[in-house]
Amino acid sequence: MAPTPQLPPITSDHMDSLLAGTRLRRNRRTDWSRRLVRENVLTVDDLIWPIFLVDGEKVRQPVPSMPDVVRVSVDEAVREAERATRLGIPALALFPYTDPDLRDDMGTEALNSENLTCRALRAIKAEGFNIGLMTDVALDPYTSHGHDGLMNGETILNDETVDQLCRQALVQADAGADVIAPSDMMDGRIAAIRQSLDALGFRETQIMAYSAKYASAFYGPFRDAVGSSGTLIGDKRTYQMDPANTDEALRETELDIAEGADMVMVKPGMPYLDILRRIKDTYQVPTYAYQVSGEYAMIKAAGTNGWLDEERAMLESLLAFKRAGANGVLTYFAPRIAEFLAGEK
Ligand code: PBG
């Protein structure tokens, strides 16, 4: 029989030394152990890839404020969709750069079933790829004033805009959109769009609501990409949310869920992780974050200058969304992350 080891008597001094024996670093010491205790992981299934469309053929046009992001013509968009499918990315989000000649104060081109978005939808759908196609519902890529809605003087009209958005959503659904994503922040648009879709037989078309969308400076490069930064008159603060607010984000989300949203979204992403966490904790619905153009541009710019490790910053920023409760992220890094994740296997 082995002798019983002599344990020191437990004294209050000893309790202190037991606490001192709590060493959280023990679990972090080795790679296998870090993997074993890891609470969140980023996978390709978390990615939604926003792509920009432009007229023409075989066009790949760089967006200067978004390095490595290009506007693509419809034929090239089909190739991007093929690439995304091969990489396992679940969905694409389509955004058009509309020819300035086609923009007017009503955003009429949004209702044209032959507009860029609709042509891209049909062309990609014709290939039968296993990938979801999301489309943005808002008038800004089509209006001469760059606003998401119809205007009367300086005022953005709510209900008149909602009517127009319903028609836009129907045109997109008819062209093959799987997920309608209203990004306009008009009141009541989710209910109205849901009703219109159902009435015309698009009962299976999903809605991802931009529920908590803030009037943010981080959309700058996107507005370059869709060509609305030069045209935008004033700002969007009478319809997009005040960055100071968080309770209001819950009210917006609650309404969108009640009105029939299948999924909700917070936008921008990284500066609004607190909103994401609150929404996820409160509603437990599929919740997404949009890592917007300005966030992308910041990481790219710092990376290009050698001020931070771009790849690590990219992966860390995406993991942060998962930790904050996101079920997925719209990110311009999507194909690169998917490639990185595939290479690791
Ligand atoms: C259009 C829309 C915007 C974005 C997505 N949809 C811009 C805006 O509201 O001005 C921003 C996306 C990004 O910055 O990456 N309503």
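Which residues lie nearest the centre of the largest cavity? Select Asp140, Lys213, Tyr219, Phe222 and Lys267, and you have them, out of 16 lining residues.

Before going on: this is a predicted model, where local features need pLDDT of at least 70 and side-chain atom pairs count only at pLDDT 80 or more, while totals for chains, interfaces and linings use all residues. Residues are numbered from 1 along each chain as its sequence is written, and side-chain values use heavy atoms, with hydrogens and water left out.

On a 1 Å grid over the protein atoms alone, a cavity is a set of points where a 1.4 Å probe fits but cannot get out; a pocket is an open set with protein on both sides within 12 Å along at least five of seven lines; lining residues have an atom within 4 Å of a point. Points join across faces, edges and corners, and a volume is the space filled by probe spheres set on them.

Stay with that largest cavity, about 120 Å³. Colour strand E9 (206-213) and helix H7 (220-225), which each supply at least two lining residues. (Helices, H or I, of at least four residues and strands, E, of at least two are DSSP runs, numbered from the N terminus.)

Next, select Leu94, Phe95 and Pro96, among the residues lining the second largest cavity. This one has about 40 Å³, and strand E4 gives the most to its lining, with three residues.

Last stop: the second largest pocket, with about 250 Å³ of space. Pick Trp49, Asp68, Val69, Tyr332 and Pro335, the closest to its centre of 18 lining residues. E1 brings the largest share of that lining, four residues.
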